[in-house]
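Me: I have a structure open and have not looked at it before. Can you walk me through it?

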Amino acid sequence: MIFGCYALFNLLASLVFGKYLVHIGAKFMFVAGMSVSGGVTVLFGVLDQVPEGPMFIAMCFLVRIIDAISFAAAITASSSILAKAFPNNVATVMGSVESFSGLGLVLGPPLGGLLYQSFGYEVPFILLGCIVLLMVPLNMCILPNYESDPGKHSFWKLIILPKVAFISFVITSLSSGFGFLDPTLSLFVLEKFNLPAGYVGLVFLGLALSYAISSPLVGLLSDKMPHLRKWLLVFGNLITAGCYMLLGPAPFLHIKSQLWLLVLILVINGISAGMSLISTFPEILSCAHENGFEEGLSTLGLVSGLFGALWSVGAFVGPTLGGFLYEKIGFEWAAALQGLWALTSGLVMGLFYLLEHSRRRRRSKLQNSLGTEEERTALLPDET
């Protein structure tokens, strides 16, 4: 519950901050979120000094909740600022940011483990919190201060758009997939291949590195050729589904589980997840603009908040449901069910894009035929 409350409050805070981004101010929201997040990270490192019992439990909940709210503020504001600063290269910028997220996933566990073994529980949290706090004055000097008027639209108007609703399903499935691997993959590797505990982190390295390297490349391709963005999203989901089917592998495939195959699948999964995920933000943003949402920080705040909220839903459902399924039916079937989620979202998105393309073609033909009829009507008096 202490870990789960983070995702819940991150979800709620993302929606609130996305709605009121313009009222609060993007720069202030980002700087304040970073400041509070850095401070509570330091506090988390000294929780072992709190007396055990209800007081300790209450402080754990309080620190995690405040950290979730402050992190939601920082992420929502940063996504909006980046999209505002680079309106023609949204996917490229988002992909570059995700590469640093992947780098954090790569460096976090080994560095944290090394500091924990060498200096004890407090040092990893205090050091990381101080690094975050040191970034605050730098961002205060560098970040632009954008002004914008409040928008008239809401999250409800955004989420009921069919395209946005389907993409929301995709984001949640991708987030759930990453969350599913956290509690289950390490246990599976330890049981199946009898690896030393220190080597388990190296297995995750394939996923994190491939995601970090491929994300900016996918973002650049998405911006240079926007017409490919939708198919990157669809095929990324379908490939991701295949990866989860092969992680175990699923028993119905009758493939022997091998360590080299597992690592290869994780590498492919990192690339395919990047293909899908990087395309979602610009797709939601373009859909919002096509449906009358104003261009500016108010819409960017809504899109950023929605993205953060959906990611939190998957981050909660993935490990919770994944841990339950792992205990009940084993890793192979649990991973296959996770792959079924990704397969469903990919097929639904593909069907939607095909129908959208068909509608646009029919509309274009209708407009052309109407234009031809108008030209004939205009020429008829002259012919007589």
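This is a predicted model: local features need pLDDT of at least 70, side-chain atom pairs count only at pLDDT 80 or more; totals for chains, interfaces and linings use all residues.

Me: Ok. How many helices and strands does the protein have?

Reply: There are 12 helices and 0 strands. Helices (H or I, at least four residues) and strands (E, at least two) are DSSP runs, numbered from the N terminus.

Me: What about the overall dimensions?

Reply: Along the principal axes, the C-alpha atoms fill a box of roughly 100 × 55 × 35 Å.

Me: How much of the protein is buried?

Reply: Of the 384 residues, 46% count as buried. Buried means under 20% relative accessible area, exposed means over 50%, and partly exposed is in between (1.4 Å probe, protein chains only).

Me: Which residues touch the most other members of the largest nonpolar core?

Reply: L158 and L247 do, in a core of 70 residues. Helix α12 (residues 297-383) supplies the largest share of this core, 15 residues. A nonpolar core here is a set of buried Ala, Val, Leu, Ile, Met, Phe, Trp, Tyr and Cys residues joined through side-chain atoms within 4.5 Å.

Me: What is L158 in contact with?

Reply: Leaving aside neighbours within four places in sequence, L158 is in contact with V164, I284, A288, F293, L302, V303 and L306. There is also a second, separate core of 6 residues, with F44, L47, C60 and V63 among them.

Me: Switching topic. How many cavities of 30 Å³ or more are there?

Reply: The count comes to 1 cavity, with a volume of about 50 Å³ for the largest cavity. On a 1 Å grid over the protein atoms alone, a cavity is a set of points where a 1.4 Å probe fits but cannot get out, while a pocket is an open set with protein on both sides within 12 Å along at least five of seven lines; lining residues have an atom within 4 Å of a point. Grid points are joined across faces, edges and corners, and a volume is the space filled by probe spheres set on the points.

Me: What lines the largest cavity?

Reply: The lining is S173, L174, G177, F178, T240, Y244, N269, A273 and A342. Two or more of these residues come from each of α8 (162-193), α10 (229-247) and α11 (259-290). Helix α8 gives the largest share, 4 residues. By class, the lining has 5 nonpolar, 4 polar and no charged residues. Ala, Val, Leu, Ile, Met, Phe, Trp, Tyr, Cys and Pro count as nonpolar, Asp, Glu, Lys and Arg as charged, and the others, Gly among them, as polar.

Me: And the second largest pocket?

Reply: That pocket holds about 360 Å³ of space. Its lining has 17 residues, of which P87, N88, V90, L285 and H289 lie nearest the centre. Helices α4 (54-85), α5 (90-119), α9 (197-224) and α11 each give two or more residues, and α11 gives the most, with 4. The lining divides into 8 nonpolar, 5 polar and 4 charged residues.

Me: Where is P249, and what is its peptide bond like?

Reply: P249 sits in the loop between α10 and α11. The bond from G248 to P249 is cis, with omega near -10 degrees.

Me: Is H254 buried or exposed?

Reply: H254 is exposed, because its relative accessible area is 72%. H254 is also in the loop between α10 and α11, and its phi is positive, near 55 degrees, in a residue other than glycine.

How values were computed
Residues are numbered from 1 along each chain as its sequence is written. Side-chain values use heavy atoms; hydrogens and water are left out. Contact means heavy atoms within 4.5 Å.
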